[in-house]
Amino acid sequence: MKKITLLAAFVMALFVLAGCQASVNTIENADKHATPNLVNDVRFVTDGFLRDRLVLQSVKMSPSAGGNMMVEVAATNVRTGVLSQAWSGMTGENPYPVTYKFTWQDANGMTVDTPLSIWKTVRIIPGETVYFRAVAPTPQCKDFILSVKEYK
């Protein structure tokens with residue numbers, strides 16, 4: 001009987017923790033007027049947990065006001081639901097911390113050294129979509145690599 005009571009208390013604690021977790025609901029225009037320049041992307045995944053938790057939605061490119069290439073990658077934290085949120089709350093992963101950086105390449109595919117290619121940290125709450133954005137440091141930059149990893 002003590003085991004059942006203990007288990008019931010544990011389950012209740014999970015639901016209380018899950019109820020305290022923040023998540024995001026969104027609304028947007030269903031009849032879009034923008035015509036984004038979507039980019040076909042190739043992904044190299046070494047962390048399946050990160051891939052399943054932070055889903056990359058789209059990659060867009062356009063010229064900035066100064067003429068350099070501008071990139072925006074949309075990613076959503078899909079870790080929602082009672083059990084996922086309870087676990088995230090117990091492990092301290094809500095909001096979910098990730099770090100990212102952009103590496104720029106010239107027309108020959110060579111890496112362009114820039115002080116802007118540094119790791120930046122962002123915290124993403126469940127259901128939230130974040131936009132990783134960067135502007136190329138020079139007009140010679142034609143391609144980019146976005147690297148994302150869990151913040152430890």
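How many helices and strands make up the secondary structure of the protein chain?

1. In this predicted model, the secondary structure of the protein chain comes to three helices and seven strands, and from the N terminus on these elements follow the order α-α-β-β-α-β-β-β-β-β.

2. Of the 152 residues in the protein chain, 28% count as buried, while the accessible surface amounts to about 10300 Å², with 59% of it belonging to carbon and sulfur atoms. Among contacts between residues at least 6 apart in sequence, 67% join residues at least 24 apart.

3. The largest nonpolar core holds 20 residues, and those with the most contacts inside it are Leu54, Val71, Val98, Phe102, Trp104, Phe132 and Phe144. Strands E1 (54–63), E2 (69–77), E3 (96–106), E6 (129–135) and E7 (141–150) each supply at least two residues of this core, the largest share, five residues, coming from E3.

4. Phe102 deserves a separate look: once its neighbours within four places in sequence are left aside, Phe102 is in contact with Val71, Ser117, Phe132, Arg133, Ala134, Phe144, Ile145 and Leu146.

5. Helix H2 (48–53), E1 and E7 each supply at least two residues of the lining, to which E7 gives the most, with eight residues. By residue class, the lining divides into 15 nonpolar, three polar and seven charged residues.

Conventions: Residues are numbered from 1 along each chain as its sequence is written. This is a predicted model: local features need pLDDT of at least 70, side-chain atom pairs count only at pLDDT 80 or more; totals for chains, interfaces and linings use all residues. Side-chain values use heavy atoms; hydrogens and water are left out. A nonpolar core is a set of buried Ala, Val, Leu, Ile, Met, Phe, Trp, Tyr and Cys residues joined through side-chain atoms within 4.5 Å. Buried means under 20% relative accessible area, exposed over 50%, partly exposed in between (1.4 Å probe, protein chains only). Helices (H or I, at least four residues) and strands (E, at least two) are DSSP runs, numbered from the N terminus. Contact means heavy atoms within 4.5 Å. Accessible areas come from the Shrake-Rupley method with a 1.4 Å probe; for residues, only the protein chains shown count as cover. Ala, Val, Leu, Ile, Met, Phe, Trp, Tyr, Cys and Pro count as nonpolar, Asp, Glu, Lys and Arg as charged, and the others, Gly among them, as polar.
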